[in-house]
Amino acid sequence: MSKNYFLNGLIAAPFTPMNEDGSVNLPKIAEYAEKIAGFGCVTGVYICGSTGEYASTTVEERKAVAEAWVAGAAGRFKVVVHVGSNCAKDSVELTAHAAAAGADAIASIAPNYFRPASVHDLVMFLKPIAAAAPNLPFYFYNFPGMSGVKLPVDEFLVEGKKEMPNLSGVKFTHNDFFEMQKIVNLCDGEFNILNGYDEMLIAGLICGAQGAVGSTYNYVPRIYQNVIDALKAGDLAEARKWQYEAVKIVDVLIAHGGGVRAGKAFMKLAGVDCGQCRYPVAPVSDEELASMEADLRKTLFFDYI
């Protein structure tokens with residue numbers, strides 16, 4: 001499989017910056033974009049996804065965030081806009097806006113309230129969303145742990161391609177590497193597969209994923225780039241060493257509640273204060289932040305931010 005895939009390498013999943021009053025802090029995104037560009041190894045951002053608190057932000061806020069990221073990226077890295085929602089009409093509106101704003105690709109998770117019972121139902125839900133930006137690559141965000149939708153991804157890709165010509169691939173946030181191998185090799189490697197669990201990057205790459213989307217690529221992508229470089233050089237032991245350094249950081253993240261809550265605090269420690277999350281996610285106290293910092297100092301976090 002020697003084709004050139006649209007998305008590859010490390011794609012950061014940014015946090016949506018918030019002000020103290022809970023409003024979206026749009027000016028912060030320009031600073032954030034400089035941080036991402038400065039790493040030199042991040043090829044894109046995947047905005048308004050789970051890490052971006054998409055389910056806690058309005059359609060208008062998501063549009064504004066998309067515009068700010070396209071402007072901040074300034075062509076230095078790709079901007080993938082996640083448009084997923086429980087309301088397909090909202091997603092269609094977000095997709096059309098993303099295309100007009102200059103996004104490079106779009107993506108959508110499955111609805112998680114009224115869930116599709118079959119591959120056909122999922123395809124029919126996503127079809128008008130993909131069609132709203134027919135000239136942009138469309139990616140399915142497969143995250144059964146969050147959406148609760150556990151349908152065969154290989155079947156979805158085959159059936160989905162018939163209805164969505166711009167269906168390009170999958171953000172595969174799952175630890176089912178048996179299934180990942182099937183979709184990586186499906187249709188002679190037609191689809192662009194992106195690994196979704198940062199702590200399992202090495203496994204995804206070995207299975208054939210061409211890139212990866214993750215929240216910890218916001219602050220320590222160079223550690224993960226070392227994994228990629230070692231694998232390219234054929235040094236599995238070196239790749240495993242660097243993956244474990246990343247695992248140590250993810251372990252601290254999980255120990256402090258994981259997800260967006262701790263991740264935003266880590267981002268603050270990395271130099272870009274994105275504020276707190278919106279409720280129902282509780283804010284991080286100054287004491288908790290100090291505890292996180294102490295634990296992170298036992299890792300390579302501060303050497304690589």
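The side chain of Q210 makes a polar contact with that of N192 at 3.0 Å, a polar contact being a pair of N or O atoms within 3.5 Å in which, within protein, one must be able to donate a hydrogen and the other to accept it, residues adjacent in sequence counting only if both atoms are side-chain atoms. The model is predicted, so that local features need pLDDT of at least 70 and side-chain atom pairs count only at pLDDT 80 or more, while totals for chains, interfaces and linings use all residues. Residues are numbered from 1 along each chain as its sequence is written, and side-chain values use heavy atoms, with hydrogens and water left out.

Q210 is located in the loop between α8 and β8 (211–214); helices (H or I, at least four residues) and strands (E, at least two) are DSSP runs numbered from the N terminus. With a relative accessibility of 16%, Q210 counts as buried, where buried means under 20% relative accessible area, exposed over 50%, and partly exposed in between (1.4 Å probe, protein chains only). When residues up to four places away in sequence are not counted, Q210 touches Y5, L7, N8, G9, F191, N192 and I193, contact being defined by heavy atoms within 4.5 Å.

The protein chain contains 13 helices and eight strands. Along the principal axes, the C-alpha atoms fill a box of roughly 50 × 50 × 35 Å. Of the 305 residues, 55% are buried. Among contacts with a separation of 6 or more, 73% are between residues 24 or more positions apart.

In soluble globular proteins, nonpolar side chains tend to be buried together. A nonpolar core is a set of buried Ala, Val, Leu, Ile, Met, Phe, Trp, Tyr and Cys residues joined through side-chain atoms within 4.5 Å. The largest such core has 94 residues, of which W69 and F156 touch the most other members. Beyond its neighbours within four places in sequence, W69 is in contact with P14, I29, Y32, A33, I36, V45, I47, F77 and V79. Another core of 14 residues lies apart from the largest one and includes L7, I11, A13 and I109.

Helix α10 (residues 236–255) comprises 20 residues and reaches 28 Å from its first C-alpha to its last, close to the expected 28 Å. Its buried residues are A239, W242, Q243, E245, A246, I249, V250, V252 and L253. These fall within an arc of 165° when seen down the axis, and therefore line one face of α10. The face turned away from the buried side carries the exposed residues A237, R240, Y244, D251, I254 and A255. The buried residues of α10 are covered by elements including α8 (201–207), α9, α11, α12 and α13. Just after α10, G257 takes a positive phi of about 105°.

Several loop residues were also examined. E53, in the loop between β2 and α2, has a positive phi of about 55° although it is not a glycine, and is buried at a relative accessible area of 6%. A74, in the loop between α2 and β3 (78–82), likewise is not a glycine and has a positive phi of about 50°; A74 counts as exposed, at 55% relative accessibility. The peptide bond from Y279 to P280 is cis, with omega near 20°, and P280 is found in the loop between α11 and α12 (286–296). T173, in the loop between β6 (167–172) and α7 (177–184), is buried with a relative accessible area of 3%, and its side chain makes a polar contact with the side chain of K171 (2.9 Å).

Definitions and conventions: The expected span of a helix is 1.5 Å times one less than its number of residues. The arc is that of the directions from the helix axis to the C-beta atoms.
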